[in-house]
Amino acid sequence: MKKKKILILNAHPRQDSLCNALACQYRCGAEEAGHEVHFVTLRNLQFDPIMRQKHGEEMVGMEESLLNQQKLIKWCEHLVIVTPLWFMGMPALLKGYLDRVLTPKFAFDYRDNKHIPVPLHLLKHRSARVIYTQGAPRYITSLLAFDAFWK
């Protein structure tokens, strides 16, 4: 089996959570299998989760912790996100992280075309897994919210 570079993101804001236990177990299993693992607990990062730049402005003044996260995302071959499902979506901590880290010219860009911009995906050739916990059975959230977390 090919050894992979794995980045695990624990997106739960509390230490004593099932998500934390799942993320730690995933880490143990990956390390035992010989993979190289980086483990990030989002609640321990120092960053402003609000994207304060106006649309079209260049991203400036990104915190060092987020610049390091971009390096880890470029480094990894497999990304694992462990998160709770709250109100049919991800916690604000994870949303803020994704908004701030997956920036233009890092995660995506556009090639100008005569009629429409063509998206360029800059983080190709990686795999990802999302492990999420929720309090309600999935069939209930699928029926009531049409599985809004994935849409």
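This is a predicted model: local features need pLDDT of at least 70, side-chain atom pairs count only at pLDDT 80 or more; totals for chains, interfaces and linings use all residues.

Student: What makes K2 and E77 a salt bridge?

Tutor: Their side chains meet with N to O at 3.2 Å. The cut-off is 4 Å, so the pair qualifies as a salt bridge. This pair links distant parts of the chain, 75 residues apart: K2 is in the segment before strand 1 (5-10), and E77 is in the loop between helix 2 (64-75) and strand 3.

Student: Why is K2 called exposed?

Tutor: Exposed means over 50% relative accessible area, and K2 has 55%, so K2 counts as exposed. E77 has 25%, which lies between the 20% and 50% limits, so E77 is partly exposed.

Student: How many salt bridges does a search of the whole structure find?

Tutor: The search finds 6 salt bridges. One of them joins E31 and R27, whose closest N and O atoms are 3.3 Å apart. That value is within 4 Å, so the label holds here too.

Student: Why are E31 and R27 separated by about one helical turn?

Tutor: Because they are 4 residues apart in helix 1 (residues 18-32). E31 has a relative accessible area of 39% and R27 one of 31%.

Student: What ties E63 to R100?

Tutor: A salt bridge between their side chains, at 2.7 Å from N to O. E63 lies in the loop between strand 2 (36-41) and helix 2, while R100 is in helix 3 (residues 92-101), so the pair ties together parts that are 37 residues apart in sequence.

Student: Is R100 buried or exposed?

Tutor: Buried means under 20%, and R100 has 5%, so R100 is buried.

Student: Let's move to the overall fold. Which elements does the protein have?

Tutor: The protein has 4 helices and 6 strands. From the N terminus on, the elements run β-α-β-α-β-α-β-β-β-α.

Student: What is the strand order in the open sheet?

Tutor: The open sheet of 4 strands has the order 2-1-3-6, with parallel pairing. Strand 2 and strand 6 (127-133) are the edge strands.

Student: Why are strand 2 and strand 6 called edge strands?

Tutor: Each pairs on one side only. Neighbouring strands of this sheet are turned by 15° against each other on average, direction ignored.

Student: How do you know that strand 3 and strand 6 are paired?

Tutor: Pairing requires at least two bridges, and 7 bridges join strand 3 to strand 6, so they pair. The two run parallel, and V80 has R129 in strand 6 as its bridge partner. Helix 1 packs on this sheet, touching strand 1, strand 2, strand 3 and strand 6, and its direction makes about 170° with that of strand 1.

Student: What makes strand 4 and strand 5 a pair?

Tutor: Strand 4 (residues 108-111) and strand 5 (residues 118-121) are joined by 4 bridges, and at least two are needed, so they count as paired. They run antiparallel, with D109 opposite L120 in strand 5. A hairpin joins strand 4 to strand 5 through 6 residues.

Student: Why is H78 called buried?

Tutor: Its relative accessible area is 8%, and buried means under 20%, so H78 is buried. H78 is in strand 3 (residues 78-84). Not counting residues up to four places away in sequence, H78 touches K4, K5, I6, L7, Y26, S127, A128 and R129.

Student: And where is L123?

Tutor: L123 is in the loop between strand 5 and strand 6. L123 and I73 are 50 residues apart in sequence and 8.4 Å apart in space, C-alpha to C-alpha. L123 touches I73, and its contacts also include L102 and F106.

Student: How much of the protein is made up of buried residues?

Tutor: Buried residues make up 35% of the 151 residues.

Definitions and conventions. Residues are numbered from 1 along each chain as its sequence is written. Side-chain values use heavy atoms; hydrogens and water are left out. Buried means under 20% relative accessible area, exposed over 50%, partly exposed in between (1.4 Å probe, protein chains only). Contact means heavy atoms within 4.5 Å. Axes are lines fitted to C-alpha atoms, for helices over the stretch in contact, and angles run from 0 to 180 degrees between N-to-C directions.
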